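The reader may wish to keep the structure in view throughout.

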Amino acid sequence: MLVHLSSMALADQFVGQASVIDGDTLEVHGTRVRLWGIDAPESSQLCRGEDSLEYRCGARAANDLNSFIARRVVHCVPINLDQYGRTVATCSVGGVDLGKWLVLNGLALDWPQYSKGRYGAVQRDAERAGRGIWKGSHVEPWLYRACIRLNGNPSACSDDTNSRP
């Protein structure tokens, strides 16, 4: 469920230093900002690398995003509010769309339910190049969360054979 912000709220941009909460959520001036149109693996989520060994792909997404931002100024343009009351926004650093950067580097997925495929081409590029989660195997974050909600554990829900509810 998305709640559209009033035109007054949409005009207000968030500009400043951001703290990375996870691979698709920032905090700017005390406001939680969910990056629009993408879904990054959850902090507890595991993926398999090209060597088939598990690694914390959600933690890697957050750490790589933090390194990319590198305490530079973040510009966020609010789009709406999500079901948890977070501001959903497109954000950029140095003119680079953070959602696009995350998807291009295989750290997040295009979430067509919301993005209408905006990041689909860069996701195909990341997949073809074998970047990030595309080096091995992964479970879509939205399926991982659904599995966890059904009393799954992170290891089982990170395995593609168990994650589908």
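One cavity of 30 Å³ or more is counted, where a cavity is a set of points, on a 1 Å grid over the protein atoms alone, at which a 1.4 Å probe fits but cannot get out. The model is predicted, so that local features need pLDDT of at least 70 and side-chain atom pairs count only at pLDDT 80 or more, while totals for chains, interfaces and linings use all residues. Residues are numbered from 1 along each chain as its sequence is written, and side-chain values use heavy atoms, with hydrogens and water left out.

The largest cavity has a volume of about 30 Å³, a volume being the space filled by probe spheres set on the points, which are joined across faces, edges and corners. P41, Y55, C57, R60, A61, G106, L107, G132 and I133 line this cavity (lining residues have an atom within 4 Å of a point).

Helix α2 (residues 57-69) supplies the largest share of that lining, three residues; helices are DSSP runs of H or I with at least four residues, numbered from the N terminus. After α2 comes A70, with a positive phi near 45 degrees.

The largest pocket holds about 480 Å³ of space; a pocket is an open set with protein on both sides within 12 Å along at least five of seven lines. Its lining comprises 23 residues, of which R34, Y84, R86, W111 and R145 are the closest to its centre. Helix α6 gives the most to this lining, with three residues.

Conventions
Helix = DSSP H or I, 4+ residues; strand = E, 2+ residues; numbered from the N terminus.
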